[in-house]
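Grab a pencil and work through these exercises with the structure open beside you.

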Amino acid sequence: MIPFLTTIKESYFELPNYIVADAGYGSEENYQAILDDFERTPLITYTMYQKEQTKKYKQNPFITNNWKYNELTDSYTCPNNRELHFRNYSTRNDKYGFTRQLKMYECESCLNCPVRALCTRAKSNKNRVIQKNGNWEYFKAHGRELLSDDVTGAIYRRRKIDVEPAFGNLKANLSFNRFSVRGQEKVTQELGFAFMALNLRKLSKFRKDIDRKIRKNKNSKMINLILEFLFCFKRLLGQPLFVLFRNFYT
Ligand code: SF4
């Protein structure tokens with residue numbers, strides 16, 4: 001996403017205020033780049049977004065997001081009412097070179113815990129350790145807030161109408177399910193041709209619609225003139241037939 005937005009900004013036009021994308025692009029790296037580097041607002045869900053809204057998820061006591069957090073002691077309380085205290089910071093680099101800062105919390109004791117099997121797969125002599133990424137949690141909360149807002153939520157929902165049907169049409173209706181070439185450059189070109197064909201179809205349909213409207217407009221003007229004439233004629237003759245005729249056409 002970042003190289004794509006950079007190309008648009010540098011070679012085509014100013015980025016819009018809202019960057020809308022589906023859950024596949026909902027990563028900490030993308031959120032951070034959109035907010036800090038591009039200075040735009042991301043309207044992007046993330047992989048767990050839908051699941052997190054479910055009752056089952058919210059009521060599962062073993063999901064650490066549902067555990068009570070104590071700000072004063074910087075600790076979480078597990079389902080067995082034991083405390084998980086902050087242990088250390090940890091830094092992780094992903095394969096794209098993005099660095100994440102994590103906070104690690106360890107349970108004071110998981111010894112003889114009656115729900116241990118439901119809570120952790122750690123070895124029996126080890127306490128449960130959880131990791132929290134404050135930066136990512138902040139971006140997720142920010143995203144949830146925007147998606148539940150009337151205005152920004154409506155902008156996000158338009159993505160389904162504007163973007164997805166193009167792929168659906170290409171794959172389901174036009175049976176473009178496989179590339180016939182190999183290699184990134186050739187595949188890019190083939191996809192470019194496919195999208196060009198889609199755009200030409202849209203343009204053709206759009207022009208047909210416009211032509212139809214113009215014709216309809218001309219016809220309706222003509223019909224109105226005839227009806228006006230008939231209406232005047234009817235007033236002269238007092239025939240109810242013309243009233244019916246006019247109501248039918250207007
Ligand atoms: S396994 Fe440890 S962290 Fe999990 S519920 Fe039991 S005591 Fe708490």
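Before you start, here's the rule for a salt bridge: a side-chain nitrogen of Lys or Arg within 4 Å of a carboxyl oxygen of Asp or Glu. You're looking at a predicted model, where local features need pLDDT of at least 70 and side-chain atom pairs count only at pLDDT 80 or more, while totals for chains, interfaces and linings use all residues. Residues are numbered from 1 along each chain as its sequence is written, and side-chain values use heavy atoms, leaving out hydrogens and water.

**Exercise 1. Check the pair R100 and D94, and say how exposed each one is.**

Step 1: The side chains of R100 and D94 form a salt bridge, with 3.2 Å from N to O.
Step 2: For exposure, buried means under 20% relative accessible area, exposed means over 50%, and partly exposed is in between (1.4 Å probe, protein chains only).
Step 3: R100 has 22% relative accessibility, so it counts as partly exposed. D94 is partly exposed too, since its value is 23%.

**Exercise 2. Work out which parts of the chain R144 and E52 tie together.**

Step 1: R144 makes a salt bridge with E52, and their closest N and O atoms are 3.2 Å apart.
Step 2: Helices here are DSSP runs (H or I, at least four residues), as are strands (E, at least two), numbered from the N terminus.
Step 3: R144 sits in helix α6 (residues 134-148) and E52 in helix α3 (residues 49-52), so the pair joins parts that are 92 residues apart in sequence.
Step 4: R144 is partly exposed at 28% relative accessibility, whereas E52 is buried at 9%.
Step 5: Now widen the view: E52, E137, K140 and R144 are linked in a network of salt bridges. The whole structure has 11 salt bridges.

**Exercise 3. Find the largest cavity and sort the residues that line it.**

Step 1: On a 1 Å grid over the protein atoms alone, a cavity is a set of points where a 1.4 Å probe fits but cannot get out, and lining residues have an atom within 4 Å of a point. Grid points are joined across faces, edges and corners, and the volume is the space filled by probe spheres set on the points.
Step 2: The search of the whole structure turns up 1 cavity of 30 Å³ or more. The largest cavity has a volume of about 110 Å³.
Step 3: It is lined by 15 residues, and the closest to its centre are C78, C107, C110, C113 and C119.
Step 4: Count Ala, Val, Leu, Ile, Met, Phe, Trp, Tyr, Cys and Pro as nonpolar, Asp, Glu, Lys and Arg as charged, and the others, Gly among them, as polar. The lining then splits into 9 nonpolar, 3 polar and 3 charged residues.

How values were computed
1 Å grid on protein atoms, 1.4 Å probe; cavity = no way out; pocket = protein on both sides within 12 Å on 5 of 7 lines; lining within 4 Å.
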